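This briefing sets out selected features of the structure shown below, grouped by topic. Please read it with the sequence and the coordinates at hand.

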Amino acid sequence: GFRSYRAFARRDDAERVSHDRLAAQLISAPLSVRGGFKPVPRANTRQTPGIYWGELHGMAFNQRPLDDFYDYAKRVSRLDFCCPCLFSYNTCVAGVWDEVKEAADRQTEPGRFVGFAGFECGTPPDDSHRCVVFNDASRVPPIFCESRPPANEEVFLSRLHPDTIVCRTLDEFYDAVDRFGGIVSGHHHTLTYSRDHLAEMWQKQRSRADGEEERVLGLLRGGMRMGLIAGSDTHDSMPGNPYPEPHCRSAAGFLGVHAGELTRDAIWGALQRRRVFATTGARIALHFSSSGDPMGSELPADRARRFDIRIDGSERLSKVELLRDGEPIETWNPDSDRFATSAADGARRDEPAFYLVRCHQADGHTGWTSPIWFG
C-alpha cells in the first residue's frame, strides 16, 4: 500500500520519480557486499544439565515476522525458551494477539524449545514499563494498558479488538493479569514496583554505573519478594544478542531457569517459584540452596541458615559472595571456572532476612541468584 501515501524525489533536483522507475532502478543496481557474521562466543553455548536459558524481554520490532524472532533465538543465541514482546498498543489491534499466541504454540517443541505468549505495557500513573508472560494463553483476551497519550486517543482506541480488556489503572492491570494466570516482570524502565513477581538485574540498555542492582536490592530490603532475572530489551528482534545494538550499549543478559524438563509447564513452574537467576550475558550456571530448599524458597525464620553454593562458570571466577540483605557476609576468590562450598550464618536467628549469591568472572561478567527468604 505504499503507493497511496509515499512520493519519491531525486535528491539533487527534487524531480519526482515514478514508483515503477524507482523499482526498476533498485532491482538493477549493482551490488558489492563485503563483511562477516559475528559468531556467538562459545561461552554462550555452554550446557549444564537441569538449567535452561531464555529471554522474556526481547522486543519483536522492525516489522519482522514473529517466526524470525524465534529463529534467531533458536539458531543464533541458542536459547531454550523465549517470549517475543510487543507493546499492548500493538497486541490489542485487530488479530495481532492471536498471531502472538499462534506463533508461541507453533514454535514450541517439548524437549527442544518453548515459546511463550506475552507483551509489554507502559503502565499508569508514571509510564513504568512491565512485561507480562502467560503459560496457557489460549483463553487470554488482548489486555490493553498504556499511559502514553497517543495510545489513548479516540481514533486509536477505536481500532482495538472488541474483546480487549482496557485497564485504566495499575491495579486494574495487575487484576487482569492475575485473572488469567500471568506473571509480571519489572525491568530497567519500571520506575516504581508494586505487585511484580520478577525483576531484571541486567539488560542491554543499562550499564554497571546506573545503580539498577542497588535499586533492586533496595526493593528486596523493603519487603518485596521477586525472582531475579536478566534479558536483552533488544529493539531489533534479536533475543539474546551478545553484541551492542543502537541505543543498547551492553551485552544481552541471560535468564537461567532450574527445571526438570524443557516443557512449557516445567519452565512456567520454575518462573512461578522463582527458581531463576540472572547473568550479564555469559552462561554461568548458579546453584544455591539451603538444606535442600532451592533459590526462591520462603523458609521459617528459625530454620538453620546453612547454604550450599555451586557455580559452573563460563570463564575463570574471580570472586563469589554470599549476601545477606544485599550485603556481603562471606567472600571467596576461586581462581577457577568451577566453585563449590558450604556456608552458614549463625549470627541471625528468628530475624527476617534474605540471602543470595553474586559471582564475578575474570572477563567482567556477573551472575546473581534469586534470594532465599527466612521469616
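Arginine 358 counts as buried, because its relative accessibility of 11% falls under the 20% limit for that class. In this predicted model, the side chain of arginine 358 meets that of glutamate 213 in a salt bridge, with 2.7 Å from N to O. The pair links distant parts of the chain, since glutamate 213 belongs to helix α7 (residues 212-221) and arginine 358 to strand β21 (residues 353-361), 145 residues apart.

**Other salt bridges**

- A search of the whole structure finds 30 salt bridges, and the pairs described here are among them.
- Aspartate 312 forms a salt bridge with arginine 338, and the closest N and O atoms of this pair are 3.5 Å apart.
- This pair, too, links distant parts of the chain, with aspartate 312 in strand β18 (residues 306-324) and arginine 338 in strand β20 (residues 336-344), 26 residues apart.
- Aspartate 312 is buried, with a relative accessible area of 11%, whereas arginine 338, at 48% relative accessibility, counts as partly exposed.
- The side chains of aspartate 335 and arginine 316 meet in a salt bridge at 3.0 Å, N to O.
- Aspartate 335 counts as exposed, because its relative accessibility is 53% and the exposed class begins over 50%, while arginine 316 is partly exposed at 40%.
- Salt bridges that share partners join Arg10, Asp12, Asp13, Glu15 and Arg21 into one network.

- An open sheet of five strands runs in the order β6-β7-β10-β11-β12, and its pairing is mixed.
- Its edge strands are β6 (117-123) and β12 (227-230), each of which pairs on one side only.
- From one strand to the next, the twist of this sheet averages 35°.
- Strand β10 (residues 183-186) and strand β11 (residues 198-202) run parallel and are joined by two bridges.
- Glycine 186 has alanine 199, in β11, as its bridge partner.
- Helix α4 (residues 96-107) packs on the sheet, where it touches β6 and β7 (128-134), and its direction makes about 140° with that of β6.
- Helix α8 (residues 264-272) packs on the sheet as well, touching β7, β10 and β11, with a direction that makes about 60° with that of β10.

- Glycine 50 lies in the loop between α1 (19-28) and β3 (51-59).
- With a relative accessible area of 33%, glycine 50 is partly exposed, because this value lies between the 20% limit for buried residues and the 50% limit for exposed ones.
- When its neighbours within four places in sequence are left aside, glycine 50 is in contact with Val257, His258 and Ala259.
- Glycine 50 and leucine 262 are 212 residues apart in sequence, while their C-alpha atoms are 8.9 Å apart in space.

Key. Residues are numbered from 1 along each chain as its sequence is written. This is a predicted model: local features need pLDDT of at least 70, side-chain atom pairs count only at pLDDT 80 or more; totals for chains, interfaces and linings use all residues. Side-chain values use heavy atoms; hydrogens and water are left out. Two strands pair if DSSP finds at least two bridges between them. Helices (H or I, at least four residues) and strands (E, at least two) are DSSP runs, numbered from the N terminus. Axes are lines fitted to C-alpha atoms, for helices over the stretch in contact, and angles run from 0 to 180 degrees between N-to-C directions. Contact means heavy atoms within 4.5 Å. A salt bridge is a side-chain nitrogen of Lys or Arg within 4 Å of a carboxyl oxygen of Asp or Glu. Buried means under 20% relative accessible area, exposed over 50%, partly exposed in between (1.4 Å probe, protein chains only).
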